[in-house]
Amino acid sequence: IVAGAIIAALLAVILWEESHGGTAIIVWLALVEALYAGRYVLSLAYFRSPPGRSRSWLIRFRAALAAQGALWGSAAFLFFPLDSTISQIAFLFAVSGLAAGASIAFGIDVASVLWFEVPLMAPLAARLFSLGTTDFAIMGMMVLMYMAYVSVALPRSSATMRENLRLRLAAARREAEIRERNALLNGILDN
């Protein structure tokens, strides 16, 4: 959340300088930052809530990710810089970094990654194709290839993360049982 908020602010500075200002950039940044703040509040509320309603929290989490992805994706049509290669690189680097970070941060849940990345990346691919040059079309194909790769590789990666978590939890339970039995045996031996 913090990294995304900082990336949004840095990108807004670059876009602001590129466009020589603009209310749309300020509004977009305010919406992005407000949604990051909302996601943070949602996380706090989840950790403070009683257990038992994890499915409804997961749906809220995914919906917030989808909204975040859509806001970022909208920037592809609203602000993708046409006249500055450096600004284009910064824009693409920001979006690619967010996508890669989401694959890692939310990778245990394939749906969460896709709910974020599809509305993030699909508008970028569409925007690149709409520019009508070979270079931008190739870049659009690269975005689609990334999305395809994530769709194929993420389920395997997610399964590995889930198995790792399952094994860690099982090991922690076994360790607690061993400590409990050791404590019992030590109590018997001390008497």
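**Figure 1. Arg60 and Arg62 placed over tryptophan rings.** In this predicted model, Arg60 lies over the face of Trp57, 4.2 Å from the ring centre. A charge is taken to sit over a ring if NZ of Lys or CZ of Arg is within 6 Å of the ring centre and within 35 degrees of the ring normal. Arg62 lies over the face of Trp115, at 5.9 Å from the ring centre. The model is predicted, so local features need pLDDT of at least 70 and side-chain atom pairs count only at pLDDT 80 or more, while totals for chains, interfaces and linings use all residues. Residues are numbered from 1 along each chain as its sequence is written, and side-chain values use heavy atoms, with hydrogens and water left out.

**Figure 2. The salt bridge between Arg62 and Asp109.** The closest N and O atoms of Arg62 and Asp109 are 2.7 Å apart, and the pair forms a salt bridge. The pair links distant parts of the chain, 47 residues apart: Arg62 is in helix H3 (residues 54–79), and Asp109 is in the loop between helix H4 (85–105) and helix H5 (110–130). A salt bridge here is a side-chain nitrogen of Lys or Arg within 4 Å of a carboxyl oxygen of Asp or Glu. Helices (H or I, at least four residues) and strands (E, at least two) are DSSP runs, numbered from the N terminus. Arg62 counts as buried because its relative accessibility is 11%. Asp109 is also buried, at 12%. The classes are buried for under 20% relative accessible area, exposed for over 50%, and partly exposed in between (1.4 Å probe, protein chains only). Side chains of opposite charge can pair when their charged atoms come close.

**Figure 3. Two salt bridges within helix H6.** A search of the whole structure finds three salt bridges. In one of them, the side chains of Glu163 and Arg166 meet at 2.6 Å, N to O. Both residues lie in helix H6 (residues 134–190), three residues apart, which is about one turn of the helix. Glu163 is partly exposed, with a relative accessible area of 35%, and Arg166 is partly exposed at 45%. Glu175 forms a salt bridge with Arg179, with the closest N and O atoms 2.4 Å apart. Because Glu175 and Arg179 are four residues apart in helix H6, about one helical turn separates them. Glu175 is partly exposed at 40%, whereas Arg179 is exposed at 55%.

Figure 4. Rings of Phe, Tyr and Trp (its six-membered ring) pair if their centres lie within 6.5 Å; planes under 30 degrees apart count as stacked, over 60 as edge-to-face and the rest as tilted. Trp28 is buried, with a relative accessible area of 3%, and Trp72 is buried at 1%. Phe80 and Phe136 form another edge-to-face pair, 6.0 Å centre to centre with 80 degrees between the planes. Phe80 lies in the loop between H3 and H4 and Phe136 in helix H6, so this pair ties together parts that are 56 residues apart in sequence. Phe80 is buried at 4%, and Phe136 is buried at 14%. Ring pairs also link Trp28, Trp72 and Phe79 into a cluster.

Figure 5. The axes of H3 and H5 come within 7 Å and cross at roughly 15 degrees. H3 and H5 are therefore roughly parallel to each other. Axes are lines fitted to C-alpha atoms, for helices over the stretch in contact, and angles run from 0 to 180 degrees between N-to-C directions. Angles under 35 degrees count as roughly parallel, over 145 as roughly antiparallel, 65 to 115 as roughly perpendicular and the rest as oblique. The crossing of H3 past H5 is right-handed. A crossing is left-handed if the near helix is turned anticlockwise from the far one by less than a right angle, and right-handed if clockwise. The axes of H4 and H6 come within 10 Å and cross at roughly 15 degrees, which makes H4 roughly parallel to H6. H4 also passes H6 in a right-handed crossing.
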